[in-house]
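Here are some notes for a colleague who is going through the model. Please read them with the structure open.

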Amino acid sequence: MEQIKHLKQWWQNLENQWKTAFSQSFVRKDQILEMPDEQDLLDLWNTPLLRLAGPTAIDPTTEVDLTNLSGITALNNLTYLSVTNMQL
């Protein structure tokens, strides 16, 4: 229960660009989620793989051009990250 509380706080502190990118790329929703459900938060938090492809990519996963990598700094289980067509 404490972990879920921590994850919800983490989500609330994310920049909107990251909420949108995670919502569209990982949770597979079209809009920014005010708060993903608990299972989606846990899955994102624990994922070892993440692909983020911006709007100009051949197969985009999000309509956002990310400008930083701040959204992934807390994802300690992440071992593979693919970021393409972003404004980094």
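1. Contacts of F22. Leaving aside residues up to four places away in sequence, F22 touches W10, W11, L14, V27, L44, L50, G71, I72 and L75; contact here means heavy atoms within 4.5 Å.

2. Basis of the values. This is a predicted model, in which local features need pLDDT of at least 70 and side-chain atom pairs count only at pLDDT 80 or more, while totals for chains, interfaces and linings use all residues. Residues are numbered from 1 along each chain as its sequence is written, and side-chain values use heavy atoms, with hydrogens and water left out.

3. Nonpolar core. The largest nonpolar core has 20 residues, and W10, F22 and L75 are those with the most contacts inside it. At least two residues of this core come from each of α1, α2, α3 and β1, and α1 gives the most, with 4 residues. A nonpolar core is a set of buried Ala, Val, Leu, Ile, Met, Phe, Trp, Tyr and Cys residues joined through side-chain atoms within 4.5 Å. Helices (H or I, at least four residues) and strands (E, at least two) are DSSP runs, numbered from the N terminus.

4. Aromatic pairs. How many aromatic pairs does the structure hold? There are 4 aromatic pairs. One of them is W10 with W11, an edge-to-face pair at 6.4 Å centre to centre, with 65° between the planes. The rings of Phe, Tyr and Trp (its six-membered ring) pair if their centres lie within 6.5 Å; planes under 30 degrees apart count as stacked, over 60 as edge-to-face and the rest as tilted. W10 counts as buried because its relative accessibility is 11%, and W11 counts as buried at 0%. Buried means under 20% relative accessible area, exposed over 50%, and partly exposed in between (1.4 Å probe, protein chains only).

5. W18 and F22. The ring centres of W18 and F22 are 5.1 Å apart and the planes are at 45°, so this pair is tilted. Both residues lie in helix α2 (residues 16–25), 4 residues apart, which is about one turn of the helix. W18 and F22 are both buried. One aromatic cluster is formed by W10, W11, W18, F22 and W45.

6. Salt bridge. A search of the whole structure finds 1 salt bridge, a term for a side-chain nitrogen of Lys or Arg within 4 Å of a carboxyl oxygen of Asp or Glu. The partners are E38 and K8, with the closest N and O atoms 3.5 Å apart. This pair links distant parts of the chain, 30 residues apart: E38 is in helix α3 (residues 38–46) and K8 in helix α1 (residues 2–13). E38 is partly exposed at 40% relative accessibility, and K8 is partly exposed with a relative accessible area of 29%.

7. Q24. A polar atom of the Q24 side chain lies 2.9 Å from the backbone nitrogen of E63.

8. T56. T56 sits in the loop between β1 (49–53) and β2 (80–84) and is exposed, with a relative accessible area of 61%. The side chains of T56 and N85 are joined by a polar contact of 3.1 Å. A polar contact is a pair of N or O atoms within 3.5 Å; within protein, one must be able to donate a hydrogen and the other to accept it, and residues adjacent in sequence count only if both atoms are side-chain atoms. T56 and L88 are 32 residues apart in sequence and 14 Å apart in space, C-alpha to C-alpha.
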